Amino acid sequence: MAQTERKKIRERQRQGIEIAKVNGKYRGTRPVYAEDSPNPQKRFIYHRIVEQLRNKATGAPISYRAIAAETGVSVQTVINIKNRLNEEVLE
């Protein structure tokens with residue numbers, strides 16, 4: 001009984017999210033490390049990672065792991081920031 005109620009609730013929630021996406025209201029979760037982050041410390045870390053990624057592109061060899069170790073974030077976070085930067089350049 002409870003399981004079928006949960007399925008109904010999730011179905012209604014999924015429908016609501018689809019409607020919100022069509023209307024442009026649903027944007028999903030914002031990245032924690034971003035240029036417009038409300039947390040100044042995370043915004044600073046983001047800018048430091050971007051600076052190091054740009055230095056990497058210009059020839060100074062530095063690994064994602066080294067950037068992550070210096071800034072205290074995971075390697076996947078560094079890769080996600082790099083991917084978002086590439087998407088912004090392509091747009």
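Modeller: Let's begin with Glu70, which forms a salt bridge with Arg48; their closest N and O atoms are 2.8 Å apart. Glu70 sits in helix 3 and Arg48 in helix 2, so this pair ties together parts that are 22 residues apart in sequence. Keep in mind that this is a predicted model.

Colleague: Is Arg48 buried, exposed or partly exposed?

Modeller: Arg48 counts as partly exposed because its relative accessibility is 26%. Glu51 is partly exposed as well, at 41%, and Glu70 counts as partly exposed at 45%.

Colleague: How many salt bridges turn up in the whole structure?

Modeller: A search of the whole structure gives 3. One of them is between Glu11 and Arg14, with the closest N and O atoms 2.6 Å apart. Those two are 3 residues apart in helix 1 (residues 2-23), so about one helical turn separates them.

Colleague: And how accessible are Glu11 and Arg14?

Modeller: Glu11 is partly exposed with a relative accessible area of 34%, and Arg14 is partly exposed with 45%.

Colleague: OK, switching to helix 3. Which of its residues are buried?

Modeller: Helix 3 runs over residues 64-71, and its buried residues are Ile67, Ala68 and Thr71. They span an arc of only 100° around the axis, which puts them on the same side of helix 3.

Colleague: What about the face turned away from that buried side?

Modeller: That face of helix 3 carries Arg65 and Ala69, which are exposed.

Colleague: Tell me more about Thr71. Why does it count as buried?

Modeller: Because its relative accessibility is 12%, and the cut-off for buried is under 20%. The Thr71 side chain also reaches the backbone oxygen of Ile67 at 2.8 Å.

Colleague: And which residues does Thr71 touch, leaving out those up to four places away in sequence?

Modeller: Ile45, Arg48 and Ile49. Arg48 is the salt-bridge partner of Glu70 that we began with.

Colleague: Where does Tyr64 lie, and is it buried, exposed or partly exposed?

Modeller: Tyr64 is in helix 3. Its relative accessible area is 24%, so Tyr64 is partly exposed. Setting aside neighbours within four places in sequence, Tyr64 contacts Leu53, Lys56, Val75, Val78, Ile79 and Lys82.

Colleague: How far apart are Tyr64 and Asn80?

Modeller: They are 11 Å apart in space, C-alpha to C-alpha, and 16 residues apart in sequence.

Colleague: What happens just after helix 3?

Modeller: Gly72 comes there, with a positive phi of about 80°.

Colleague: Last topic, confidence. Which element has the highest mean pLDDT, and which the lowest?

Modeller: Helix 3 has the highest at 94, while helix 4 (residues 75-90) has the lowest at 88. For the chain, the average pLDDT is 89, and 96% of the residues score at least 70.

Conventions
Residues numbered from 1 in each chain as written. Heavy atoms only, no water. Buried < 20%, exposed > 50% of the residue type's maximum accessible area, 1.4 Å probe, protein only. Helix = DSSP H or I, 4+ residues; strand = E, 2+ residues; numbered from the N terminus. Arc of directions from axis to C-beta. pLDDT = per-residue confidence, 0-100. Polar contact = N/O pair within 3.5 Å; in protein donor to acceptor, adjacent residues only side chain to side chain. Contact = heavy atoms within 4.5 Å. Salt bridge = Lys/Arg side-chain N within 4 Å of Asp/Glu carboxyl O.
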